[in-house]
Amino acid sequence: MKSVNNKYKSNISLLAICIFLILISFFSVSCTKQIKKFKGDYAIIYTNIFKPEGGIMDIDTNGRILGKEALEMQDILFAANSDDYIIMSGHRKNNNILYQSNGTKKEVHFLNNPKYTGVTAVELYNEKIVAIMNGNVSEGIYKTLLVIQDVNDKVLYEEIIKMYPHDLIIENQTLYISGNSKRIDAGDWDSKIMKFDLVKNEFIEEQTHDSLYNFKKLQLLNNDLYALAEDKNYNPRIISIIDKDTLDIKAQKTFEENIVDILSYDGYMFILFNDKLLKCDKDFNIIETKSINSDTGHYISYSLLVDKELYLFIRAEKKEVLAKGKIMIGKIARISLDNLSDVKYTDFKVDNSDNIENIVFFPTSFFIEKQRQN
Amino acid sequence: MKKVLCIILTVAMLISMSIIATAGENDDYTEVKKQDAKAIEFINKNIDKLLEQGRKAAEKDAKSNMVATLAGSSALGTYGDILVSLIISSGSVGFAGHAAIVDTNSAMTIESYAKSFSPIDKDGVQYYTNNWNNSSGALLVRPYGASLSQYNKAVAYSQKQVGKPYNWNFFNKTTTSSFYCSQLVWLAWLDAGIDVEKGSFPNGVIAPADIVNSSNTYIVTQVK
């Protein structure tokens with residue numbers, strides 16, 4: 001009886017403490033500073049991989065931190081952008097942050113359920129978001145969920161697909177999905193690409209290429225698809241040129257180093273490695289080479305093309321403690337794709353690196369340009 | 001008056017439900033969590049020594065000619081390697097931390113992550129992008145004396161479990177119909193021939209800290 005009473009008392013105490021903590025948290029969140037308007041040049045979104053803890057920083061091109069805001073999001077790993085929106089998405093948790101060019105931001109949960117797992121790929125078009133939510137094995141095949149949701153959270157379409165996508169690209173109401181597919185009994189992944197009509201909401205074509213392991217990134221150039229592919233040893237060194245109609249591979253080039261990203265701009269294909277950017281024509285003839293990231297122990301962890309500028313995060317493999325206790329996380333590079341010699345680097349240094357695990361960012365000029373046009 | 005009475009009764013009911021729901025559970029896992037906390041405290045106290053021991057072991061292991069991380073990426077480890085984080089909650093009530101196994105493709109991991117619910121109604125063991133090299137404090141752990149074929153076997157076992165649900169009964173660690181994170185890693189390596197729990201505290205639950213504390217494993221590196 002004494003033991004039960006003690007247990008009762010301790011549970012009451014626990015409940016009281018919980019209520020107290022909830023009240024404290026409520027007031028803490030209410031009083032947390034928010035960045036109402038960005039004053040700097042870059043909006044950096046950083047998150048913890050396993051906990052919903054992170055933040056947003058407003059920094060200028062000299063690396064000065066002009067504003068800070070707490071963010072209760074987890075594992076924000078990649079971004080997609082259109083003329084009017086930028087979305088940054090979570091991999092292990094269904095939390096996504098959507099910025100509009102007028103400066104507003106909102107949290108998005110696909111299927112309006114934050115308890116779901118995260119996404120493997122995301123893309124924007126018009127006022128809609130296309131996302132692939134991580135699924136699981138069912139009937140011997142790894143499956144994921146294609147979701148189309150508008151910016152007002154209305155779910156427009158969902159369909160289970162038999163692949164693990166890594167990238168999405170949209171042209172003229174047609175969605176191309178690249179990634180790989182796996183039959184559990186086959187014990188191997190094959191690269192896969194699918195084509196979806198966004199007006200009729202139906203799949204038009206799909207192709208599996210068993211000579212390759214995975215299509216990681218997808219771009220459009222001169223009426224063809226260009227896909228960054230991993231070989232069967234998981235090296236992302238191949239770029240395949242794929243027919244947009246049949247999804248057959250027309251041509252392929254293998255490079256000697258791992259490729260970080262491919263980008264199509266102004267009729268050229270830009271190929272990003274960890275230490276250089278190549279500007280090529282449609283047949284991979286090199287027109288110009290730009291060295292970047294000459295520091296050893298650094299690698300490019302993130303890239304985003306906004307208008308004609310390529311933004312990179314060059315991350316230090318080990319955080320470096322500088323004078324006065326500052327911690328160097330890495331640097332931002334802005335490269336003009338019209339003139340590859342026009343490059344600006346910005347150090348990203350912080351006082352406290354807690355929860356600075358995944359890092360994505362975008363230029364705040366995304367807001368300013370649109371405001372100027374208005 | 002009636003409203004006040006209703007509110008009081010509702011609160012009383014909630015409190016009662018909370019007592020009933022948590023009493024037994026707390027008893028089951030209270031000891032386990034205490035032991036887990038001690039195990040984590042031991043690791044943190046001795047981390048420099050463990051890293052030095054691990055560094056020496058890694059110089060002679062089967063993967064000594066491979067880099068521990070996928071060059072130029074956020075991925076940590078190569079196929080079959082064990083990844084452990086001790087400083088986060090995986091959503092369980094039985095222990096702290098999270099564990100994963102690196103897939104054949106080092107850019108991916110196989111994890112059973114408690115907080116994720118799949119939109120195709122199948123939670124549990126899934127594939128994720130391997131961005132563990134971003135996770136401060138994360139540990140790359142390997143079993144002593146493992147051969148390359150054993151690494152492959154551990155991965156192959158994990159791959160076969162993808163799609164199985166999350167195991168919320170942490171004491172039922174030998175079941176193969178569902179998995180929690182460290183149970184998946186333990187069974188994968190047991191299938192490959194190495195018990196990565198051996199030498200840790202035997203309390204019926206295999207926690208991520210138990211894998212690090214095992215006499216059969218060593219820490220190759222810690223993410224700074």
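**Two predicted chains and their contact**

In chain A, Lys276(A) stands opposite Ser291(A), a residue of strand S23(A). Strands here, like helices, are DSSP runs numbered from the N terminus (H or I, at least four residues, for helices; E, at least two, for strands). The model is predicted: local features need pLDDT of at least 70, side-chain atom pairs count only at pLDDT 80 or more, and totals for chains, interfaces and linings use all residues. Residues are numbered from 1 along each chain as its sequence is written, while chains are lettered from A and ligands numbered from 1 in the order in which they are written.

Pairing requires at least two bridges between two strands, as found by DSSP. Strands of a sheet pair through backbone hydrogen bonds, either parallel or antiparallel. The sheet that holds S22 and S23 is open and has four strands, in the order S20-S21-S22-S23 (chain A). Its pairing is antiparallel. Strand S20 (261-265) and strand S23 (286-291) of chain A stand at the edges, each with a single partner strand, so one side of each has no neighbour in the sheet. From one strand to the next, the twist averages 20°. Axes are lines fitted to C-alpha atoms (for helices, over the stretch in contact), and angles between N-to-C directions run from 0 to 180 degrees.

Another open sheet of four strands in chain A has the order S16-S17-S18-S19. Here too the pairing is antiparallel. Strand S16 (214-221) and strand S19 (249-254) of chain A are the edge strands, and each pairs on one side only. The twist in this sheet averages 25° from one strand to the next. Strand S17 (residues 224-230) and strand S18 (residues 238-243) of chain A pair in the antiparallel sense over six bridges. Ala227(A) stands opposite Ser240(A) in S18(A).

Taken whole, chain A has two helices and 28 strands. Its C-alpha trace spans about 80 × 55 × 45 Å along the principal axes. The radius of gyration, taken over C-alpha atoms, is compared with a globule rule of 2.2 Å times the number of residues to the power 0.38. For 374 residues, a compact globule would have a value near 21 Å; chain A has 23 Å, which agrees. Buried residues make up 41% of chain A. A residue is buried if 20 or more other C-beta atoms lie within 10 Å of its own, exposed if 12 or fewer, and partly exposed in between, with C-beta atoms placed from the backbone. Of the contacts in chain A with a separation of 6 or more, 40% join residues 24 or more positions apart. Contact means that the C-beta atoms of two residues, placed from the backbone, lie within 7 Å.

Chain B has five helices and six strands. Along the sequence they follow the pattern α-α-β-β-β-β-β-α-α-α-β. Of its 224 residues, 49% count as buried. Residues 24 or more positions apart account for 68% of the contacts in chain B with a separation of 6 or more.

For the complex, the predictor gives an ipTM of 0.85 and a pTM of 0.88. The contact takes 36 residues from chain A and 33 residues from chain B. On the side of chain B that touches chain A, helix H1 (2-45) and strand S4 (125-129) of chain B each supply at least two residues. H1(B) gives the most, with five residues.
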